There are 2 protein chains.
Amino acid sequence: MPNETVTQTILKAKGTLIEWVEDEVVREVPLTIHYNGEEIATLLCSPSQTEELVYGFLLNEGFIRVPEDVYKIRHDPADHLAWIDGKPCVLQKELMSKRFVSACCGKSRASFCFANDVLMVKPLISTHSIPLQEAYGYVKFLQSNSTLFYSTGGVHSGGVGHQGKILLTSYDIGRHNVFDKLSGSAFHTGLNLENHVIFFSGRVSSEILLKVAKMKVPILIARGAPTDMALSQAAALNITVIGFAREQRLNIYTCTDRIIP
Amino acid sequence: MPNETVTQTILKAKGTLIEWVEDEVVREVPLTIHYNGEEIATLLCSPSQTEELVYGFLLNEGFIRVPEDVYKIRHDPADHLAWIDGKPCVLQKELMSKRFVSACCGKSRASFCFANDVLMVKPLISTHSIPLQEAYGYVKFLQSNSTLFYSTGGVHSGGVGHQGKILLTSYDIGRHNVFDKLSGSAFHTGLNLENHVIFFSGRVSSEILLKVAKMKVPILIARGAPTDMALSQAAALNITVIGFAREQRLNIYTCTDRIIP
């Protein structure tokens with residue numbers, strides 16, 4: 001992946017020994033997305049799977065719903081600008097990060113903080129279950145295939161699996177972008193994720209959980225820890241959350257029936 | 001920290017053995033900030049140092065500049081709403097995440113992506129330097145004092161040091177919030193950070209680097225990796241970035257003169 005990292009001369013210290021060495025640094029670029037001529041967001045991201053990222057972002061933010069909603073996509077790798085012509089959308093830009101106060105604080109078990117999420121997220125009805133060994137298998141893949149992660153320490157990675165097979169992968173300097181790229185890949189290729197598993201190198205906050213819900217994936221396996229808000233949303237949305245996943249060890253937090261010992 | 005975590009019953013798997021256990025889960029809450037009556041943002045954060053977080057956010061986003069700019073702050077821990085009355089601000093909410101396209105892409109070495117940052121960030125003139133052993137000391141503190149991190153795996157932590165002493169600390173589920181809390185603490189107590197060091201458990205992306213620049217801290221020590229964009233900004237802003245920091249090992253990427261072997 002020559003374009004994903006740059007080589008830089010740095011000072012490396014080990015104890016009191018200190019020396020100049022060549023080292024790899026992971027790249028970060030700004031990607032500005034325009035929808036029907038309007039600038040809607042600038043994402044800071046890794047320069048890979050850019051179209052997938054655009055599709056996934058538009059999908060998860062509610063601008064598009066089906067492939068036919070996108071009429072044209074243009075992306076210039078030189079200036080990191082993406083222009084999408086698509087169906088006029090119901091959701092307003094102003095709602096994107098507007099807190100939905102009334103539903104957020106307390107009463108119901110599911111606490112959704114943002115207005116768009118309340119409109120877009122529904123409990124999953126999937127009864128998909130997987131053997132515990134299949135879960136371990138995805139974690140093993142995650143550990144052994146995160147080459148960019150291990151060479152630079154700088155990116156998160158994730159993937160989508162089904163019956164032990166890896167169907168999609170992505171990585172990015174931003175946790176959220178990993179999910180948007182997977183979402184965009186599935187959307188672009190018409191893959192229905194309802195009976196699939198998503199695995200991820202990072203932590204599970206509420207924002208990550210809601211992305212999984214929007215992708216309609218019933219099982220999330222993460223190497224990192226989940227937050228309590230993510231878990232209460234997962235319980236309400238019928239999503240299985242697995243955290244602290246290692247090759248032979250993991251914690252199942254919600255909807256535990258989906259994992260067969 | 002009884003309020004920072006909740007206890008939950010989960011299924012723990014180790015190999016083929018699987019059992020119910022009580023485990024700690026880190027809390028995440030939405031904090032909605034209103035400035036002069038207008039809702040400006042909802043942050044998802046750890047429920048600690050909330051006023052510091054509010055101060056730091058307003059400071060780093062350019063709403064306030066000196067303590068006198070804040071007339072009144074009210075924060076209700078029950079509904080996670082914060083109301084700040086302060087000086088009418090120059091920066092507009094619309095600029096907050098608006099990409100500053102012309103300066104961003106290529107020409108100059110310093111690539112600033114957001115309009116507000118271009119207005120707010122200036123190269124540091126500090127000639128502060130520290131012995132390598134002082135740097136190792138902060139990393140040691142970070143490793144040995146991240147109790148919430150180690151018990152739940154769920155938060156990032158950071159701190160501010162001067163001549164080997166730890167002056168401020170913070171932690172949060174969100175990387176950015178760690179810096180806003182430190183920034184708000186320093187602002188609130190009138191601490192000038194120009195000859196100080198900031199240390200942090202996470203990765204250094206451009207957003208993190210710009211927060212450090214706004215805090216006017218000349219030296220950043222991180223356990224994680226930096227991105228190329230963060231490093232080019234650091235070079236242009238005269239900030240020393242240290243990454244992959246461990247107790248007896250670290251990489252110095254920029255402005256290396258500030259570290260004395």
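1. Two strands pair if DSSP finds at least two bridges between them. Strands (E, at least two residues) and helices (H or I, at least four) are DSSP runs, numbered from the N terminus. In this model, strand 1 of chain A and strand 13 (residues 249–252) of chain B are joined by four bridges and run antiparallel. Within this pair, Lys14(A) stands opposite Arg249(B).

2. Some notes on reading the model. It is predicted: local features need pLDDT of at least 70, side-chain atom pairs count only at pLDDT 80 or more, and totals for chains, interfaces and linings use all residues. Residues are numbered from 1 along each chain as its sequence is written, while chains are lettered from A and ligands numbered from 1 in the order in which they are written.

3. A pairing of strand 13 of chain A with strand 1 (residues 5–14) of chain B is also present, antiparallel over four bridges. Here Arg249(A) stands opposite Lys14(B). Strands of a sheet pair through backbone hydrogen bonds, either parallel or antiparallel.

4. What is the order of the open sheet of eight strands? The order is 2(A)-1(A)-13(B)-12(B)-11(B)-10(B)-8(B)-9(B), and the pairing is mixed. Its edge strands, which pair on one side only, are strand 2 of chain A and strand 9 (165–172) of chain B. From one strand to the next the twist averages 25°. Helix 6 of chain B packs on this sheet and touches strand 8 (156–162), strand 9 and strand 10 (197–200) of chain B; the direction of the helix makes about 135° with that of strand 9 of chain B.

5. Contact between the chains involves 55 residues of chain A and 55 residues of chain B; two residues are in contact if their C-beta atoms, placed from the backbone, lie within 7 Å. Elements that each supply at least two residues of the chain A side include strand 3 (29–35), strand 4 (38–45) and helix 2 (101–104). Strand 1 of chain A gives the most, with seven residues. By class, this side has 26 nonpolar, 17 polar and twelve charged residues. Ala, Val, Leu, Ile, Met, Phe, Trp, Tyr, Cys and Pro count as nonpolar, Asp, Glu, Lys and Arg as charged, and the others, Gly among them, as polar.

6. Helices 7 and 8 of chain A pack at an angle of about 20°, with their axes 8 Å apart. That makes helix 7 of chain A roughly parallel to helix 8 of chain A (angles under 35 degrees count as roughly parallel, over 145 as roughly antiparallel, 65 to 115 as roughly perpendicular and the rest as oblique). Axes are lines fitted to C-alpha atoms, for helices over the stretch in contact, and angles run from 0 to 180 degrees between N-to-C directions. Residues in this contact include Leu209(A) of helix 7 and Ala234(A) of helix 8. The contact has eight nonpolar, two polar and no charged residues.

7. Eight of the ten residues of helix 8 of chain A are buried, so the helix is largely enclosed by the rest of the structure. A residue is buried if 20 or more other C-beta atoms lie within 10 Å of its own, exposed if 12 or fewer, and partly exposed in between, with C-beta atoms placed from the backbone. Among the buried residues are Asp228(A), Met229(A) and Leu237(A). Their cover includes helix 7 and strand 12 (240–246) of chain A, together with strand 1 and strand 2 (17–26) of chain B. Just after helix 8 of chain A, Asn238(A) takes a positive phi of about 60°.
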